[in-house]
Amino acid sequence: MTNSEPMSLVIAVVRDSDSDAIIKALVEADFRVTRIASTGGFLRHGNSTLLIGVNSDRVKEVFQIIREHSTPSVDFGLMRGMAFALKVERFEQV
Amino acid sequence: MEPLIQVIVRVILMLLIASLVAIATRRFRVPYTVGLVLIGLAVSWLVGPREHPLGAEISLPDIILVLLVPPLIFEAAFHIRIEDLSRDIWLILLLAIPGVILTTLMVGGLVSWGTGLAIQVALVFGALIAATDPVAVVALFRSLGAPKRLQVLLEGESLFNDGTAIVMFGLMLSIVRAGDFDLTRSVADFLRIAGGGALVGVILGMVVSQIIGRIDEPMVETTLTTVLAYGAYLIGEEAFHVSGVLAVVAAGIVNGNIGPRGMSPTTRVVVHNFWEYAAFLANSLVFLLIGLTIDLNVLYANIPEILWAIVAVLLARAVSIYGFSLFGRDLPGKWRHVLYWGGLRGAIALALALSLSAEGSPEGLAGEVGRLQAMAFGVVLFTLLIQGFTMDALVRRLELVKRSFYQEEYERRHARFVAARAAYEYLQRMSRQGLISEHTWRRLSPLLEQQSKALIEAVKDVLTSDPSVAAEELDTARREALRAQRSALTGLLRDGVISEETYAQLVGEVDAAMTEEHLSWPGLLHAGGALGAEIHWLMTAVIQEQDLESATSALNKLGFSVARLPSTGGFLSRRNVTLLIGIPKGSEETAVKVLESSCQRRVEFVPLPMRNLPLPLPVPTQVVVGGATVFLFEVEAYDEF
């Protein structure tokens with residue numbers, strides 16, 4: 001399947017503890033998510049990285065879902081996560 | 001005088017001396033602990049050595065081991081991050097367990113061979129001298145800004161080997177007492193005492209961390225950490241007859257890594273300050289006591305034995321450091337020399353030596369107690385004075401602390417600017433007071449102003465060419481600003497302008513910002529212009545794991561948002577890290593420069609098994625590591641939350 005609409009790749013770095021809820025919410029909203037890595041380690045909060053392929057006009061929607069499902073940080077002013085949307089040159093599912 | 005009053009008077013006197021020594025050593029650039037030992041020696045030489053410096057009722061080894069060592073060890077363990085420790089945990093454990101055993105055997109053998117001491121007795125000496133005490137070196141590292149990993153290596157080794165050396169010492173004594181040696185029983189005892197101690201410490205550390213998480217009372221939480229430090233030692237030693245020191249080490253590491261999560265920022269600051277002071281106090285007393293107890297006459301009478309002991313200790317350290325460090329993951333070659341020469345001996349060795357007494361010792365050992373103590377004193381003194389004094393020169397010689405060209409240039413230009421401004425202000429005051437004529441001032445002032453302006457530009461040039469220098473200055477400014485806020489709040493509370501609650505809330509916010517090292521200061525930086533733009537680029541940078549700390553902290557200080565992913569790659573599948581960095585338009589060069597300066601290429605040696613040999617023999621092979629691989633992508637949209 002080749003898609004002619006403009007596509008974006010969203011790379012989101014979120015906290016491990018939030019990742020399940022976020023993935024569930026994204027899948028429910030009909031987005032496809034791939035989780036690639038998580039920093040494990042003893043006694044440490046890890047990060048998960050999510051790759052989400054999405055039509056460019058729905059990027060804001062993805063950002064919104066991720067934002068809503070990240071639990072507020074206990075530490076004052078500390079960043080909880082970040083998300084980049086990159087332009088995809090070519091997108092194919094074979 | 002009543003005994004208690006007498007003890008208090010002596011302790012207060014020692015604290016007074018310690019304060020004076022602290023002031024003096026700062027001025028003369030002598031390590032503080034070395035200064036304390038020297039003053040202690042001078043006092044003991046003037047008034048005669050004291051077997052009981054604090055009064056006859058209290059035995060010195062007990063004071064050192066039960067009263068002073070637990071807070072010292074707890075403080076060091078409390079401040080070690082698990083992440084830092086786990087990186088070199090195998091090397092640390094190798095140095096602390098097989099290393100201590102090897103040192104005991106080698107020193108014992110060499111001393112017995114050289115001085116004719118019975119081998120069992122020499123082994124007791126080997127065990128008691130095996131614990132390293134790098135306080136002086138760690139303090140030096142901190143003041144010079146040596147790599148943190150090296151500090152953790154040296155401190156971690158000493159934390160664990162204090163425990164194992166004490167266990168070994170007990171084992172060697174029991175061998176002398178029993179007269180025979182049973183390998184299985186010794187190994188079993190060693191495992192029981194060491195492992196049991198660690199277990200006791202882990203459990204107590206967890207329990208106290210749980211309690212701390214449930215309450216929010218800075219004073220009570222601090223008190224609980226104190227209870228934990230001494231409680232772990234006493235419960236381990238007295239209730240379970242396992243290693244108290246290892247219990248304190250484990251309790252400190254667990255509590256220091258889990259405990260602070262349940263603390264409010266204010267508690268964290270209180271606990272941190274308390275332990276810093278407690279460690280300073282304990283250290284001062286320990287090293288002063290070392291100086292006070294050493295009897296120069298006894299040293300003089302045993303010079304050949306002491307020389308042998310020093311040679312044996314240096315040889316054993318060389319074998320254990322250069323041998324075991326082959327197993328250290330990507331350990332820079334120069335660090336080995338620093339670890340070797342940084343193996344100072346201190347309080348534990350002395351306390352163990354003093355705990356031997358002629359009356360209580362088994363036959364064979366009783367007659368040699370004086371000699372063993374003299375040897376221990378000699379070795380401790382040699383390592384503290386000779387190695388402690390020359391460490392500074394060694395670290396500088398090896399150029400461990402590399403100051404970049406820009407850092408030095410920044411310092412020079414900044415200093416010139418401050419000097420020029422001072423000259424301007426001084427002349428301005430003189431002209432106002434009529435000390436120089438208006439005419440001269442009018443001719444001079446434009447010149448001076450011009451000079452100042454040129455220097456301001458010159459400083460700015462350096463700061464923009466090396467972002468890490470700028471980041472450092474920004475960080476200092478941020479800390480000072482927070483400190484000023486804190487003291488302003490305290491002033492408001494004292495003057496009754498704000499209530500206790502408002503004060504606690506606002507100070508909590510300031511403390512939170514202060515304890516968060518990597519927190520960026522985007523507000524200020526974004527106001528500066530360059531970074532104010534929206535995130536425009538995504539930079540993916542693959543860097544070596546060992547550069548992670550310096551790279552992320554420099555990036556964060558400059559206000560970049562950074563996330564990291566663990567990855568594997570490169571030569572021998574060495575661990576590396578992939579950073580995702582959000583970058584505003586126009587700042588990509590800055591980010592590249594930061595990575596360039598924090599991820600330098602370097603040559604390292606990796607032991608590789610040689611082929612075509614029946615026994616795989618590791619051969620050090622030269623490899624170039626470091627650097628960063630950077631990809632830059634354009635970002636369509638960015639969100640941070």
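Student: In which loop of chain A is A:D30 found?
Tutor: A:D30 is found in the loop of chain A between α1 (16-28) and β2 (32-38). Helices here are DSSP runs of H or I with at least four residues, strands are runs of E with at least two, and both are numbered from the N terminus. This is a predicted model, in which local features need pLDDT of at least 70 and side-chain atom pairs count only at pLDDT 80 or more, while totals for chains, interfaces and linings use all residues. Residues are numbered from 1 along each chain as its sequence is written, and chains are lettered from A and ligands numbered from 1 in the order in which they are written.

Student: What is the phi of A:D30?
Tutor: A:D30 is not a glycine, yet its phi is positive, at about 75°.

Student: And why does A:D30 count as exposed?
Tutor: A:D30 is exposed because it has 8 other C-beta atoms within 10 Å.

Student: What is the order of elements in chain A, from the N terminus on?
Tutor: The order is β-α-β-β-α-β, which comes to 2 helices and 4 strands. Of the 94 residues in chain A, 23% are buried.

Student: Switching to chain B: how many helices and strands are there?
Tutor: Chain B has 25 helices and 6 strands. It contains 641 residues, 41% of which count as buried. For contacts in chain B with a separation of 6 or more, 78% are between residues 24 or more positions apart. Two residues are in contact if their C-beta atoms, placed from the backbone, lie within 7 Å.

Student: At what angle do α3 and α17 of chain B pack?
Tutor: Helix α3 (residues 60-78) and helix α17 (residues 347-355) of chain B pack at about 145°, and their axes are 8 Å apart. Axes are lines fitted to C-alpha atoms, for helices over the stretch in contact, and angles run from 0 to 180 degrees between N-to-C directions.

Student: Which residues make that contact?
Tutor: From α3(B) the contact is made by B:L60, B:P61, B:I64, B:L65, B:L68 and B:V69, and from α17(B) by B:A347, B:I348, B:A351, B:L354 and B:S355. By class, 10 are nonpolar, 1 is polar and none is charged. Ala, Val, Leu, Ile, Met, Phe, Trp, Tyr, Cys and Pro count as nonpolar, Asp, Glu, Lys and Arg as charged, and the others, Gly among them, as polar.

Student: Where does α11(B) bend?
Tutor: α11(B) bends at B:G231, by about 30°; the bend at a residue is the angle between axes fitted to the seven residues ending there and the seven starting there. Helix α11 (residues 218-239) of chain B has 22 residues and reaches 29 Å from first C-alpha to last, close to the expected 32 Å. The expected span is 1.5 Å times one less than the number of residues.

Student: What covers its buried residues?
Tutor: The cover of the buried residues of α11(B) includes α3, α10 (183-214), α12 (244-258) and α13 (265-293) of chain B. Among those buried residues are B:L224, B:L228 and B:Y233.

Student: What follows α11(B)?
Tutor: B:H241 follows, with a positive phi near 55°, although it is not a glycine. B:H241 is in the loop between α11 and α12 of chain B, and it is partly exposed because 13 other C-beta atoms lie within 10 Å.

Student: Last topic: is B:G388 buried or exposed?
Tutor: B:G388 counts as buried because it has 27 C-beta neighbours inside 10 Å. It is placed in helix α18 of chain B, and B:P31, B:V34, B:A136, B:L344 and B:T383 touch it, leaving out residues up to four places away in sequence. B:G388 and B:P31 are 357 residues apart in sequence but 7.3 Å apart in space, C-alpha to C-alpha.

Note on methods
Buried ≥ 20, exposed ≤ 12 C-beta atoms within 10 Å, placed from the backbone.
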